[in-house]
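Reader: I have a protein model open beside its sequence, and I would like to learn how to read it with care. Could you take me through it feature by feature, giving the general idea before the particular case?

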Amino acid sequence: MSTPGTEQPTDGARERTPREPSQTGSEPARARRLLLPLLPVAVIVGVLAGVTAAIVHVKTKPSLPGNASAARSSQFTGQVLTPARAAPPIALRNYLGQPVTLGEYRGKAVLVTFLYAHCPDVCPLIAANLRATLGVLGAKAGLAQIIAVSVDPKGDAPPTVTDFLRQHDMTGRMQYLIGSTHQLARVWSAWYVGTERDASNPAQVAHTALVYGITAGGRLLTIYPANYRPAALARDVPLLARR
């Protein structure tokens, strides 16, 4: 995934302590010597900023279903959507060809995310965090159901998804839903998920990278960034399952 990075401002105006006339002539050379070791750091910061921008790149607006806003809450570690609303429906087939709907998991906390198997960065991160969340939940893992919806109808063929789930130790722990572009696009639209194939590298897709928390009653209530802390989401799961 590739998107423009955010330009970092340069600090070109630093206050200098007045010096004796004999030292003034060596000031430019001294400044160059001091700045040179910092150049690699500046380059690394710039690269990281570009990677971060690529991970969170979203083309669709507004970015949350129903034009909702999100804010921090004293009760949940994830941000809480205002107003809370019924989660948009999902009705697709998983990679095994079995029909799956969001509604069939009423009574559980459902964690919904959008992934693709060839993703080089954010999708493996989300999968790893979800696996770790189940590990933190331990005996309470049965309170949650994870649903991943593909953002790559061409690349997410059943064998590819099978490999992805095996590599990330999520076989049997996550419903991975696939379909045609038309079928998936209806879900993306309902969830306000942005997707854009990289013109320079068609195997990669820029997409919304969030985890959505759904209550046992079917309401979309919380959201989490891709790099959330598994222990934080594990704390929220029982709260979602009680609502």
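Reader: What does the chain average in pLDDT, and what part of the residues score at least 70?

Author: The general idea is that pLDDT is the predictor's confidence in each residue, from 0 to 100. In this predicted model the chain averages a pLDDT of 79, and 73% of the residues score at least 70. Because the model is predicted, local features need pLDDT of at least 70 and side-chain atom pairs count only at pLDDT 80 or more, while totals for chains, interfaces and linings use all residues. Residues are numbered from 1 along each chain as its sequence is written, and side-chain values use heavy atoms, with hydrogens and water left out.

Reader: Over which residues does pLDDT stay under 50?

Author: Where pLDDT is low, the predicted coordinates should not be read in detail. Here pLDDT stays under 50 over residues 1-62, and the model has 44 contacts beyond four places in sequence for them, a contact meaning heavy atoms within 4.5 Å.

Reader: How many helices and strands does the chain have?

Author: Helices (H or I, at least four residues) and strands (E, at least two) are DSSP runs, numbered from the N terminus. The chain has 7 helices and 11 strands. Among its contacts with a separation of 6 or more, 74% are between residues 24 or more positions apart.

Reader: How should I read burial, and which residues of helix 5 are buried?

Author: A residue is called buried under 20% relative accessible area, exposed over 50%, and partly exposed in between (1.4 Å probe, protein chains only). By that rule, buried residues make up 42% of the 243 residues in the chain. In helix 5 (residues 158-167) they are Val161, Phe164 and Leu165. These residues fall within an arc of 95 degrees seen down the axis, so they line one face of helix 5; the arc is that of the directions from the helix axis to the C-beta atoms. Strand 5, helix 4 and strand 7 are what these buried residues pack against, whereas the face turned away carries the exposed residues Pro159, Arg166 and Gln167.

Reader: Which residues of helix 6 are buried, then?

Author: The buried residues of helix 6 (residues 181-190) are Leu184, Val187 and Trp188. They lie on the same side of helix 6, because they cover an arc of only 100 degrees around the axis. Their cover includes strand 3 (91-94), strand 5 (109-115) and strand 6 (144-150). On the face turned away from the buried side, helix 6 carries the exposed residues His182, Arg186 and Ser189.

Reader: How many residues does the largest nonpolar core have?

Author: A nonpolar core is a set of buried Ala, Val, Leu, Ile, Met, Phe, Trp, Tyr and Cys residues joined through side-chain atoms within 4.5 Å. The largest one here has 65 residues, and those with the most contacts inside it are Val112, Phe114, Val149, Tyr176, Trp191 and Tyr212. Helix 4 gives the most to this core, with 7 residues.

Reader: Which residues form an aromatic cluster with Phe114?

Author: Rings of Phe, Tyr and Trp (its six-membered ring) pair if their centres lie within 6.5 Å, and planes under 30 degrees apart count as stacked, over 60 as edge-to-face and the rest as tilted. A search of the whole structure finds 5 aromatic pairs, and Phe114, Trp191 and Tyr212 form one aromatic cluster. Leaving aside neighbours within four places in sequence, the contacts of Phe114 include Val149, Val187, Trp188 and His207.

Reader: How many disulfides are found?

Author: A disulfide is a pair of cysteine sulfur atoms within 2.5 Å, and a search of the whole structure finds 0. Cys119 is buried at 5% relative accessibility, and Cys123 is buried at 0%.
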